[in-house]
Every structure is written in structure tokens, then in C-alpha cells.
2 protein chains.
Amino acid sequence: MLHCVKNKEEDSLVAISKFTVPPVADFLADDFSCVDDGGNAWSDAHANFLSSLLQEETEDLLRCSRSLMLKPRDHLFRAGDRSSDVYIVANGCIRLFQLSPSGKETILWFSFPGEIFGMAELLKGSHRQIYAVANEATQVYCISCKDFIKFLGDHPEAAMKAIGILSARVRAMGYMMMGLACDNVETRIARLLIRFAAVSSGNSCTEATAAGELCVNVRMTHQDIANLIGASRQTVTTTLAHLRKRGAVRIVDHHIHIVQPDHLRSLLEVAAA
Amino acid sequence: MLHCVKNKEEDSLVAISKFTVPPVADFLADDFSCVDDGGNAWSDAHANFLSSLLQEETEDLLRCSRSLMLKPRDHLFRAGDRSSDVYIVANGCIRLFQLSPSGKETILWFSFPGEIFGMAELLKGSHRQIYAVANEATQVYCISCKDFIKFLGDHPEAAMKAIGILSARVRAMGYMMMGLACDNVETRIARLLIRFAAVSSGNSCTEATAAGELCVNVRMTHQDIANLIGASRQTVTTTLAHLRKRGAVRIVDHHIHIVQPDHLRSLLEVAAA
DNA sequence: GGGGATTTGTCATCCAGACGACATTACGAT
DNA sequence: ATCGTAATGTCGTCTGGATGACAAATCCCC
């Protein structure tokens, strides 16, 4: 029951399996929306807001920002905080998550350099609903809610970009929900790795990446992965070991390399069928 | 391991269990963000975009809209469609969902009167990623993407509102993901009912609602509920029967009434602990 | 260059909930 | 009224994955 829509470039579907060198996120082209596991939305949602702005806009925005350095594990804000800033990641990585009443962490998003976050509480001026923690040494620009609203008012173009990013995020989260509801753990992990490979491979790692290999350049513990896909830590460990034994992935430094992207992709297509 | 952040009004936590009369969605006040199951975000995300506009804005917007009548089960668009409109529900209800490769439907959102949807594909002009189906006889206003962008440019206030709605939706979906990842089926159903009671009780049903009773004024089949919370139809049937036997809910006409809101809420607090 | 803390790896146990297979009821169109 | 279709209700059966409980390996900080 594969609804594949392909108006033009019929063969882009075939191309997918040949695509080995990573022009990032491009392997999920525009023309097949169902095989697309949300790759587009994913990339769009992780769009580099900062660098998408015009020179002048960037200056305007950063002029009213404060810079903040965070050490790994530092909290930027917690649920219940009154802080009303909007943040842009300068470099590093911020983990956004929610705690369930039972204390379980559900990771909602990783914000990478250039990404903007914290907009949700912007208008209502309500409390923070979620937690933001530096996943590694991270620098963020803080912009007061008030300034940011003014900025958007002054720069309609930027406001449209913000809308674009937010809607992409809505879409990406829709795909995540579908994954949570439909896929088994192995498939969810595969999806996750492919997505992160797409958005994080900008800064490729030092280790020479073998041909066709994708680098998931984010340092995540098994617990993080578990919290990201709604599984237990043990299951993640086991499943990852499986994939490793089958030669689909390997561990480099402290992150994962996808040795056989096609192997993972094949999991998505048939899904939990 | 209950991380409850409560700056002031320590006892508002206690108050929650006493609250029976329904000033809807207000029972989730501003001051306890952990007990708040996203009720605020939920309501904000279902905000009536149309009626939040000024008289003049509304006229501007509707002037460039076409009205469309849909019968129950009519498709407004499908994944893969090229349509590039933004929609506002005049009356009725639109079901937005995604199909997994194996054909399973995951409902992402119900759009109620006044709500705007279809913004995700707005800027990229890409294909629809999801399906939109009328859940009942429904009237929608269609606005071409181009006109809508122009409208937002001309009315920065409205653009800010759109940003607000989108970020609330991101937040609401974050809560949904947490639910999917952490709660058991009974809790997920409880959460769902409470949320829908909050947003749908505007148009209360004919049947005299007993004191303290909440009306979930949306006609959903068990299959719909299953698709909404990522469970099987049978489990939903069984669980709902449980809740009915315990007197927590009852069926009126073709929708659910929450007889004992507190009973359902108690499920959320301890969650799947 | 230890030593406490964090992360990984592996196992045996158990159960919530998926799935298939029905019977039953309600609904809506002709 | 009547038939076909869609929606409920109720069973067993079976399994993916949670959970708890460890041992081993690693990391990182003083």
C-alpha cells in the first residue's frame, strides 16, 4: 500500500539507492511524499534560521541579543521557569525535552547551530513547559521576547521564515508521532539515525568517512536515543548491537556511522509490515 | 520522582482535585506546569484564528477566499497533492492524518471551526504530506497560498497570531509525543477526552449536561480514537467499556460525556507510574 | 593516575496490548 | 422495509519490549 507520487523525474526513486555521497538531505527529493519519511520536513525544521536572514536582519537581531556560554549539562531553562527569551544556537547543541509525571524524559528536539527555539512561550508569556539543556559545550544568543516580536514586526520576511520553520516543525513532529504509533523499535532507530545523519553531517567528523557512509555527528547516549524514540535503554542497546553485528552501522569516536544507509532505509519502506 | 515546579500558590496543586465545575481548560491554570498536561497549549493550538482577527482583517482575508462544502468523508486533499491552499474551517470538523507505509492511519489533528490549517506546505510549495478529510459535513474557506502570504505581509498582527498558533501546536504535539512514549492506553484515552472536552465544549450538545459533566462534542469512532492515540481498535473498545462500567464516562447520542472528570484526571497525575 | 560516576552490555521474567476471528448491533441509502 | 456497510463488543493467543538486576567497560575530574 505504497502511495508513491512522482510527477516528474520518475527515476528519482531509483536514484535513491545509488546515492552514496552525502549532499545531505538531498537524497530525499521533492517528488515522492510517502517514501519521504519526513526528511524534507525534518531538514526544513532544522533550518538555519540565523544564516537564512539577510545581512541587515542578522545585525538587527544580534544587536539586541546577549551571548551565553553553557557547559555540558547546563540547564538553559526548566519547566516552570518564567524566562521569556527566544534563543538561537551559535554553536553546540541544545536538548529540548519534557518530563512525564513519572519522571521519564521525552526528548522533543535537538537544536543545532543557527536554529531558533523557545518561541512557543513567546506570545503568551506563560511559563516554560519544557526543559532545555546543553548537550555539549554550547553558545546561545538570547533575545528578549519583546525585542524578538519587534524584530519580526520590522522584518516581515523574517516573520515568514519563522512561520516556515514552525510549520516544518509541526510536520516533522507529525512524522515522529507516526513513527511512535506505528513502528517497532528497530525501525524507529533507523528513522532517527537517517534523519540525524541528514541534519548533522554538515560538520563531518575527523575520521575518514568511507564511501557511502553517513555520519550521525551527534553525541548521544543510548539513554538519549531511548528518550528520543520512546523505548527503554536496554532495548536500544540490544537493537543497536544487532545493527552493528549486521554491519549496518558502526561506532566511530563517540557517535554512529551508518555503513549501509540502504539497509536502514529498507527497514522504513516495509516498516513494521 | 515528581518534579513539580510551583513558584507561588503551592496549594493550587491540591485545588486540582477539588475542581469539578467546568470553567473548561481553566482548571489547568498557569501555575503548575508539570501537572498541566498541555491543556493550555492544547487550547491555544486550537485557537479560533478567524475570530481572533480584527473586523478589517477578517474582511480582507475572506475577500480572497473561496468557500467549499464537504460531505462527510470527502477528501479535501491527500498526500502527494499539489494543491497549495491554506484553509480555515467555517463549520464542521476536518481530520488531518498521515498514512504509514503499512497503511495505518495516524491522526495528527482535528481542526474545528475557526481553525486554520494547511500552512505546513505553504512556503515550500511542496506536495501535501498528509491527508485532510471531512469528519462530518463541513464548510471550509480556501485561500490561495499566495494570497495568504500577502495577507500576512499586510497584517503583521495576524502574522504574529499565526506564529502563536503554530508554536502552540508544536507544544501540543510535544505533549502528545510524551503521552505516546510514556502512558498506557487508558491514560492516553483519558488525556484525549479531557483535551477534546476542553476545545469542543463551545457548542454544547442538546442533552442536558449533568452538573460537573464535560461533553466531548466530537463524533469519533473507536477506530478514530485508536488512530489518535496509537492503539488498536479493540483495546480502545475494551478500555472505554471499563471506564463506562466504572461510571467515569457515558455515551450520549454519539459522543462521550465525561461523568467524573476527576477520575480521568487522577489517571494523568500518577500516570503510568 | 587513580576512583567515583556514567555508560554499555546481557540476561531472565513478565505483561500490556496487538492481532485475528468472530457475533452483534446500528446506520444509511435505495 | 431491507440489504449492505460500518461500528461495537468479546474472545483466545502470542510477542515485543518493559523492567530489574547485574557485570563490565569508559569516562572524566581532582
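**Exercise 1. Characterise the surface near DNA strand C by residue class and by contributing elements.**

Solution. Step 1: by class, the surface near DNA strand C consists of four nonpolar, ten polar and no charged residues. Here Ala, Val, Leu, Ile, Met, Phe, Trp, Tyr, Cys and Pro count as nonpolar, Asp, Glu, Lys and Arg as charged, and the others, Gly among them, as polar. This is a predicted model, in which local features need pLDDT of at least 70, side-chain atom pairs count only at pLDDT 80 or more, and totals for chains, interfaces and linings use all residues. Residues are numbered from 1 along each chain as its sequence is written, while chains are lettered from A and ligands numbered from 1 in the order in which they are written.

Step 2: DNA strand C is surrounded by 14 residues, of which T221(A), H222(A), N184(B), S232(B) and T235(B) are the closest. A residue is near a strand if its C-beta atom, placed from the backbone, lies within 6 Å of it.

Step 3: the elements that give two or more residues to this surface are helix 8 and helix 9 of chain A, together with helix 9 of chain B. Helices (H or I, at least four residues) and strands (E, at least two) are DSSP runs, numbered from the N terminus. Helix 9 of chain A supplies the largest share of the surface near DNA strand C, five residues.

**Exercise 2. Carry out the analysis for DNA strand D.**

Solution. Step 1: there are 14 residues around DNA strand D, and N184(A), A231(A), S232(A), T235(A) and H222(B) come nearest.

Step 2: two or more residues each come from helix 9 (233–245) of chain A and from helix 8 (222–229) and helix 9 (233–245) of chain B. Helix 9 of chain B gives the most, with five residues.

Step 3: the surface near DNA strand D divides into four nonpolar, ten polar and no charged residues.

**Exercise 3. Determine how chain B is related to chain A, and describe their contact.**

Solution. Step 1: chain B is superposed on chain A by a rotation of 180 degrees with 0.0 Å of shift along its axis, at an RMSD of 0.1 Å. The two copies are thus related as by a two-fold rotation axis. The superposition is by least squares on the C-alpha atoms of residues with pLDDT of at least 70 in both copies.

Step 2: the contact takes 61 residues from chain A and 59 residues from chain B. Two residues are in contact if their C-beta atoms, placed from the backbone, lie within 7 Å.

Step 3: on the side of chain B that touches chain A, two or more residues each come from helix 2 (39–45), strand 5 (105–111), helix 5 (145–154), helix 6 (156–182) and helix 10 (261–270) of chain B. Helix 6 of chain B provides the largest share, 20 residues. By class, this side of chain B has 34 nonpolar, 18 polar and seven charged residues.

Step 4: because 98% of the interface residues of chain B are also interface residues in chain A, the copies meet through the same surface.

**Exercise 4. Describe the packing of helix 7 of chain A and helix 8 of chain A.**

Solution. Step 1: two packed helices are described by the angle between their axes and the distance between the axes.

Step 2: helix 7 (residues 185–200) of chain A and helix 8 (residues 222–229) of chain A pack at an angle of about 105 degrees, and their axes are 10 Å apart. Helix 7 of chain A is therefore roughly perpendicular to helix 8 of chain A. Axes are lines fitted to C-alpha atoms, for helices over the stretch in contact, and angles run from 0 to 180 degrees between N-to-C directions; angles of 65 to 115 degrees count as roughly perpendicular.

Step 3: from helix 7 of chain A, V185(A), R188(A), I189(A) and L192(A) meet I225(A), L228(A) and I229(A) in helix 8 of chain A. This contact has six nonpolar, no polar and one charged residues.

**Exercise 5. Locate C145(B) and D253(A), and state whether each is buried, partly exposed or exposed.**

Solution. Step 1: a residue is buried if 20 or more other C-beta atoms, placed from the backbone, lie within 10 Å of its own, exposed if 12 or fewer, and partly exposed in between.

Step 2: C145(B) lies in helix 5 of chain B. C145(B) is partly exposed because 17 other C-beta atoms lie within 10 Å. Apart from neighbours within four places in sequence, C145(B) is in contact with S84(B), D85(B), V86(B) and L122(B).

Step 3: D253(A) sits in the loop between strand 10 (249–252) and strand 11 (255–258) of chain A. With 12 C-beta neighbours inside 10 Å, D253(A) counts as exposed. Phi of D253(A) is near 55 degrees, a positive value in a residue other than glycine.

Note on methods
Angles under 35 degrees count as roughly parallel, over 145 as roughly antiparallel, 65 to 115 as roughly perpendicular and the rest as oblique.
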